[in-house]
Amino acid sequence: MAQNLHIDIHHITRVEGHGNIVVNAKNGVLEECRLDIVETPRFFEALLRGRPYTEASHITSRICGICAVGHATASLRATEHALGVALSEQTRLLRDLIFFGEMLDSHVLHTYMLIAPDFFGVGSVIPLAQVAANAVLRALRVKKLAGDLCAVIGGRHTHPIAMTVGGFTHLPTVEEIKALRERLILARKDMDDTITLFKTLPWPRFKRETEYIALSKPNEYAFIDGAITSTDGGSWDVTDYKTITNEHLVQHSSSKHTKHKREAYMVGALARFNVNYNFLHPKAKAAAQELGMKPVCTNPYFNSAAQIVEMVHSVEGAITVCDELIARGIKPEKPYTFSGKGGAGVGACEVPRGTLYHDYEIGDDGRIVNANCIIPTGQNLANIEADMRALVPQILDQGQDKVTLALEMLVRAYDPCISCSVHFLSVKFV
Amino acid sequence: MKPQVAFFDFTSCEGCQLTVVDSLQTHLDLLDMVEIVQFREAMSERGEDYAVAFIEGSITRESDEARLKEIRERAAVLVALGACAHIGGVNAIKNLAPLHDVRKYVYGERAEWFATYAARPISAVVKVDAFIPGCPIDREEFIRVVNALLRGIKPPIPDYPMCVECKLKENVCLFDKGGDCLGAITRAGCGAICPTYGDGCEGCRGLIPNPNRDSMQSVLAARGLTPQDVMARMTMFGSYEISKA
Ligand code: SF4
Ligand code: SF4
Ligand code: SF4
């Protein structure tokens, strides 16, 4: 059936930042299919040049209000690798804990407040509160727990204060950790109810094979550090990230695109699920089974389901870390002092939306000489467009409204954090 | 009819809008008092004309100005939400270097594709009726300001320095712990949260009225900071003020 279609969704709502979807089809043939990024560039890499290394994590956490802990952590890891700073076990545990908190915070925001309204056919979480009040109250409760967890460790979630090179400027008390643990135990029920709710929702059916990339570690579901790993095979040190990401500019986007072996690859919860399934907590594996997903899952809409799996994993992971911290106690530690010798280093983390790289060169004066950040959404843009090109011909005969909703839901499933993706990397000049 | 409230963002990290969402966790009653008509971050519905428009983010390109002016025309009260909108915030760090270098560093030979100009607070473009400082804003302060605006009174934003608040909390001063801090010239109201968590105030809430910047700088210099480090401290959030002067 001949179909003409013109879709131009200006400023997709319920995604972080500013993106436009443009689709043009004539006589049933797809002519154009783009995700435009119109967010204003923010130039973070340039902002860092010449600043003291101590400021980097505080400046870069301002790239994204949702992934503030993730940016701070990747930034600190880059600095710590550059300066050869070793971390104590206590610092690792506290960073793991705050990371679980941010993962939970971001995923609950995305699945309940930004994705669920589509399933209920309402425009936002505010009318959702009328049709599914319990669900919204549950989301607010879990989000508050996650935010409070981050605040206990970092002082606040959006732009943590206490995270610093080599450790923390403030430590929580064992009593605070115990109180968190109790609330995390109660959150198990909220996780069960979350699975019950989302497994009954009408998840769109669509499949497209692609390459999935995530950090991986020998014995754990990697969030901080690890080796870059692909479902197409292969594993690389994070210092080789540029051979994976191959960033390039496209004119319709102020965010750089990436590609590896195929035309595009995907990062984020679904990619981590596909790469690191074996290391999920048993309860998280059970959640995946209930949600009807197993690796390798190639339905991008299931990125949100993978986020629910990771919420379960994060609650369990946080409980385990709390147990360890309670058992070993919290001890004051000597702060790191600069040796007067600079260096270069890469830090990589799995933030809620995928792999994040910070790459710094620090001078002997302690000032940043060069900086490069590669954020997850930039890596996913090419893959989103590839999905759109595969999806639209399959649903073209359903009419403009349905196609529009399907595309909006697709873009939202990736949880794109567009404000982060528009800040960009340093291009080296010769 | 409930007053219509809207949120808009320009160049920002959206952390202030997220803080607004988080403030609803403990103040759900707010949703009974106002009707939110524009909140792109969390809604698909769109409305018109606003009793209060909150603006997050700095203005960083010429094409932003028309949109901001249009919002101004439609808003009875316009509020700067957070440091980016209030004082330029971290976005204005780029104003310290030549714009061309900044663009070229990030976008290379494609620099011309991406429009940008010196980052500025929204008050550089339109009249602003009130501001909520901070990077990010403080949740409770947000609620207090909304309540005041709905009752038509001046929002209760402190104009005394952070040190007052910090001493009340009985924190050990960073200067006594070998650190440094901008508390003496920074507007209070965040509960001195950074010193409380062991880190010096970075000045995200902006300067108090009539700050003694010179004496602040000599205190920092006496602490052993190089002139470059002193400049770095003063410009994390204060770049717009300083690059303008
Ligand atoms: S003031 Fe800070 S938290 Fe608020 S939008 Fe700007 S960078 Fe984000
Ligand atoms: S720590 Fe900072 S805010 Fe607190 S008293 Fe000292 S200088 Fe003032
Ligand atoms: S202590 Fe200073 S930097 Fe920290 S939140 Fe308050 S005003 Fe901002």
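For the residue classes used here, Ala, Val, Leu, Ile, Met, Phe, Trp, Tyr, Cys and Pro count as nonpolar, Asp, Glu, Lys and Arg as charged, and the others, Gly among them, as polar. By that scheme, the shell around ligand 3 comprises seven nonpolar, three polar and two charged residues. The structure is a predicted model.

**Ligand 1**
- The site of ligand 1 is shared between chains, because residues from both A and B surround the ligand.
- Among the 16 residues around ligand 1, those that come nearest are B:Gly15, B:Gly82, B:Cys84, B:Cys135 and B:Pro136.
- At least two residues of this shell are supplied by each of helix H1 (15-26) and helix H4 of chain B.
- In residue class, the shell around ligand 1 has seven nonpolar, seven polar and two charged members.

**Ligand 2**
- Ligand 2 has 14 residues around it, of which B:Cys163, B:Cys166, B:Cys173, B:Cys181 and B:Gly183 come nearest.
- Helix H7 (residues 162-168) of chain B provides the largest share of the shell around ligand 2, namely four residues.
- The shell around ligand 2 divides into 11 nonpolar residues, two polar residues and one charged residue.

**Ligand 3**
- The residues surrounding ligand 3 include the cysteines B:Cys190, B:Cys194, B:Cys201 and B:Cys204.
- Also in this shell are B:Gly134, B:Met162, B:Thr186, B:Ala192, B:Ile193, B:Glu202, B:Gly203 and B:Arg205.

**Domains of chain B**
- The domain assignment divides chain B into domain 1 (4-150) and domain 2 (163-244).
- Domain 1 of chain B brings 18 residues to the contact between the two, and domain 2 of chain B brings 13 residues.
- On the side of domain 1 that touches domain 2, helix H4 (residues 83-87) of chain B gives the most, with three residues.
- That side of domain 1 of chain B consists of 10 nonpolar, five polar and three charged residues.

**Largest nonpolar core**
- In soluble globular proteins, nonpolar side chains tend to be buried together.
- The largest nonpolar core here has 193 residues, and A:Val309, B:Ala53 and B:Ile55 have the most contacts inside it.
- Helix H4 (residues 89-120) of chain A gives the most to this core, with 14 residues.
- Domain 1 (4-150) and domain 2 (163-244) of chain B each contribute at least three residues to the core.
- Neighbours within four places in sequence aside, A:Val309 is in contact with A:Phe273, A:Leu280, A:Ala284, A:Ala287, A:Ala288 and A:Leu291.

**Chain A overall**
- Chain A has 430 residues, of which 57% are buried.
- Its secondary structure comprises 14 helices and 12 strands.
- Of the contacts in chain A with a separation of 6 or more, 73% join residues 24 or more positions apart.

**Surroundings of B:Val126**
- B:Val126 lies in the loop between helix H5 (99-107) and strand S5 (130-132) of chain B.
- B:Val126 has 19 C-beta neighbours inside 10 Å and therefore counts as partly exposed, since a residue is buried only if 20 or more other C-beta atoms lie within 10 Å of its own.
- B:Val126 and B:Gly57 are 69 residues apart along the chain, and their C-alpha atoms are separated by 14 Å.

Conventions: Residues numbered from 1 in each chain as written. Chains lettered and ligands numbered in written order. Predicted model: local features only at pLDDT ≥ 70, side-chain atom pairs only at ≥ 80, totals over all residues. Near = placed C-beta within 6 Å. Domains from an automatic or database assignment. Contact = placed C-beta atoms within 7 Å. Core = buried A, V, L, I, M, F, W, Y, C linked by C-beta atoms within 7 Å. Buried ≥ 20, exposed ≤ 12 C-beta atoms within 10 Å, placed from the backbone.
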